[in-house]
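Biologist: I would like to learn how to read a protein model, one feature at a time. Could we go through one together?

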Amino acid sequence: MPVLVASDLDRTLIYSSAALALTMPDPRAPRLLCVEVHESRPLSYMTETAARLLTDLGDAAVFVPTTTRTRKQYQRINLPGPAPRYAICANGGHLLVDGVTDPDWHAGVLSRLADECAPLEEIRAHLEASTDPAWVRKHRVAEDLFAYLVVERELLPEGWVKDLAVWAENRGWTVSLQGRKLYAVPKPLTKSAAVREVARRTGAELTLTAGDSLLDADLLLAGDRGWRPGHGELADADWTAPAIIALSERGVLAGERITREFLRAARGDGAAGRAAQGL
């Protein structure tokens, strides 16, 4: 029976230059591999050790990238290892099978959103009316499923995010602030639902998960074992749950540790350590 590994990507397995958290002396910094290029510029990285571990993980388990990114944003990423058969995009709104959206899954998601929460247009209108160009740089809609803002975080009015979260809660939506992005996402739009569907299709007997943000909490709870890094919304809130391991590592080294833990759990008997040494 296969092992399923469902992991968030940004600030969990892959990191922008601003999120690397390289606090060690320069000569001791890990070698990095660029895994995403956007508009001809390198954008996201993982350590070379993590890349080797992820390659081995692709052979040892069903690895499922699980992200809030749109399909277009996800397809910019070039992860090492075998191409994943399944991927989850738009926070569970799209289940990709061999790179193609499963239309039945997506139709089911749209039906649940229509039945259970306020329409996207109402959320967009409220965001437009309650924000200020002084601290909002961009308004965006992702896959016609949810909205997000690019903000100047240090300029956000005190209490605004909390007030928005209360307003959204009453309409069946949730709010998450991750770096410079503030997401407004319908509650039924979850990574966990899509992960359970992949587990059903693959017959997985063990599900391993990882994530750093509020939008990853349901993903972590859907697994048999999970890991969260020492940074991000969940770490800031000191969030934990049974079978969730809170790591002390931050930045790109947290991504390496998570990948090592995935491989160790999928294979056991120290295989992750040997893989990290290239043995």
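This is a predicted model: local features need pLDDT of at least 70, side-chain atom pairs count only at pLDDT 80 or more; totals for chains, interfaces and linings use all residues.

Biologist: What does the radius of gyration say about the protein?

Modeller: The radius is taken over C-alpha atoms, and the globule rule is 2.2 Å times the number of residues to the power 0.38. For 279 residues a compact globule would have a radius near 19 Å, and the protein, with 18 Å, agrees with that. The C-alpha trace spans about 60 × 45 × 40 Å along its principal axes.

Biologist: What percentage of the residues is buried?

Modeller: Buried means under 20% relative accessible area, exposed over 50%, and partly exposed in between (1.4 Å probe, protein chains only). In the protein, 52% of the 279 residues are buried.

Biologist: Which share of the contacts joins residues 24 or more positions apart?

Modeller: A contact means heavy atoms within 4.5 Å. Of the contacts with a separation of 6 or more, 58% are between residues 24 or more positions apart.

Biologist: Let us turn to a helix. Which residues of helix α4 are buried?

Modeller: An α-helix has 3.6 residues a turn, so residues three or four places apart point the same way. In α4, residues 120–130, the buried residues are Leu120, Ile123 and Leu127. Seen down the axis of α4, they fall within an arc of 65° (the arc of the directions from the helix axis to the C-beta atoms), so they line one face of the helix. Glu121 and Ala129, on the other side of α4, are exposed.

Biologist: What covers the buried residues of α4?

Modeller: The cover includes strands β9 (136–142), β10 (146–151), β11 (173–178) and β12 (181–186), together with helix α5 (160–169).

Biologist: And which residues of α5 are buried?

Modeller: They are Trp160, Leu164, Trp167 and Ala168. Seen down the axis of α5, these buried residues fall within an arc of 95°, so they line one face of the helix. Their cover includes α4, β10, β11 and β12.

Biologist: Now single residues. Is His94 buried or exposed?

Modeller: His94 is buried, with a relative accessible area of 3%. His94 lies in strand β7, residues 94–97. Not counting residues up to four places away in sequence, His94 touches several others, among them Arg71, Cys89, Trp105, His106 and Glu143.

Biologist: Glu143 has come up there. What is the phi of Glu143?

Modeller: Most residues other than glycine have a negative phi, and most peptide bonds are trans. The phi of Glu143 is near 55°, a positive value in a residue other than glycine. Glu143 is found in the loop between β9 and β10. Asp98 also has a positive phi, of about 55°, although it is not a glycine. Asp98 lies in the loop between β7 and β8 (100–101) and counts as exposed at 54% relative accessibility.

Biologist: Where is Tyr74 found, and what does Tyr74 touch?

Modeller: Tyr74 is found in helix α2 and is buried, with a relative accessible area of 12%. Leaving out residues up to four places away in sequence, Tyr74 touches Leu9, Pro65, Thr67, Arg69, Pro84, Ala87, Cys89 and Leu96.

Technical notes. Residues are numbered from 1 along each chain as its sequence is written. Side-chain values use heavy atoms; hydrogens and water are left out. Helices (H or I, at least four residues) and strands (E, at least two) are DSSP runs, numbered from the N terminus.
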